[in-house]
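Here's a quick briefing to read with the model open beside you. Take a look at the structure, then skim the notes below.

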Amino acid sequence: MPRRPYDLPPMSALIAFEAAARLVSFKSAAQELNVTPAAISHQVKALEAELQQTLFRRHHRGVELTETGAYLLVAMQRGLEEISDAIAQLRSRSTKADVTIHTSTAVSSLWLAPKLARFWKSFSHISVTQNVSDVDVHTAYCDLSIHYGDIAKATGDCRVLFRDRIMALGSPRFRQEHPVSVISDFASLPLIHLEAGEAGWTEWRDWCRALGYDGPLRKGFRVNNYVIALQAAQDDIGAVLGWDGLTGPLVASGKLVRLIPDCIVSPLDFYIKVHPHASSNAIVFTDWLLREAREE
């Protein structure tokens, strides 16, 4: 028998499982999919047999997910969310905004979103939609996209927005409780480590090494989103690395403060990519963003 595409079990079994797992009920899943509970049970049993794994614990009052079942549910939901996003993009193409720009949550919330109000004051006839994601997906349906990386290795029409300095930041209370005078003092500090899906973010070890300290560091608090990392720092959890182009407003407001004067130049650029199908309005928006970045 030829292998199924993507080496997946039958989609009917996966869909039945996802509904039953999400609703934690074969009966509710059957109602949602307009089939009988017995049909749901049959599909789930077939899936369990193929995977040779137990996905549900059956009780006389109902069912509950096993650890394996929970793992599969999360994986399926991620995949279905990606499909849903793609479908939404396709559905909206006929009525899409004048300009669609893809960016990460950090760049969107910390740098781009505050600028949009100023753009609309000057160009009220141009609507801008953000496609916010921390992975480079769906950029084919965008006019523009903002990236953090080596622009020399990028392809297409790419233009530098800014190159940052990277500094150590913490809350005012954290600085008071953890005074720092030299780089080696960071060895004993609680640190917030960013484990982002995007490649290239400077880590604490890289930062300390660039400033002359190559010793051990504490494992600290780990997050996979830069906005969450900055919030954790404001909550006195630890020190965080701050890209000044992104964290400038937080420093200016006093929510975060520099722990030490030393900083390094970011090894990578924040740059904007103009996609081949970009509209004339997208070019207007790009030129405006570049001017904003230069003024900053």
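What follows covers a surface patch, a helix pair and some salt bridges.

This is a predicted model, where local features need pLDDT of at least 70, side-chain atom pairs count only at pLDDT 80 or more, and totals for chains, interfaces and linings use all residues. Residues are numbered from 1 along each chain as its sequence is written, and side-chain values use heavy atoms, with hydrogens and water left out.

**Nonpolar patch**

- Tyr6, Leu8, Met11, Ile15, Leu33, Val35, Leu80, Ile83 and Ile87 make a nonpolar surface patch of about 800 Å². (Patch residues have over 30% relative accessible area and no salt bridge, with nonpolar side chains, meaning Val, Leu, Ile, Met, Phe, Trp or Tyr, joined within 5 Å and like charges within 9 Å; areas are Shrake-Rupley with a 1.4 Å probe, and for residues only the protein chains shown count as cover.)
- Two or more residues each come from α1 (11–23) and α4 (67–92), and α4 gives the most, with three. (Helices are DSSP runs of H or I, at least four residues, and strands are runs of E, at least two, numbered from the N terminus.)
- Met11 sits in helix α1 and is partly exposed at 47% relative accessible area. (Buried is under 20%, exposed over 50%, partly exposed in between, with a 1.4 Å probe and protein chains only.)

**Helix packing**

- α1 packs against helix α3 (residues 37–51) at about 110 degrees, with the axes 8 Å apart. (Axes are lines fitted to C-alpha atoms over the stretch in contact, and angles run from 0 to 180 degrees between N-to-C directions.)
- That makes the two helices, α1 and α3, roughly perpendicular. (The class spans 65 to 115 degrees; under 35 is roughly parallel, over 145 roughly antiparallel, and the rest oblique.)

**Salt bridges**

- The whole structure has 12 salt bridges. (Each one is a Lys or Arg side-chain nitrogen within 4 Å of an Asp or Glu carboxyl oxygen.)
- Arg22 pairs with Glu32, closest N and O atoms 2.7 Å apart; Arg22 is in helix α1 and Glu32 in helix α2 (residues 26–33), 10 residues apart.
- Arg163 and Asp269 meet at 2.9 Å, N to O. Arg163 lies in the loop between β6 (157–162) and β7 (165–170) and Asp269 in strand β12 (residues 269–274), so the bridge ties together parts 106 residues apart in sequence.
- Arg163 is partly exposed at 46% relative accessibility, whereas Asp269 is buried at 7%.
- Salt bridges with shared partners join Glu18, Arg22 and Glu32 into one network.
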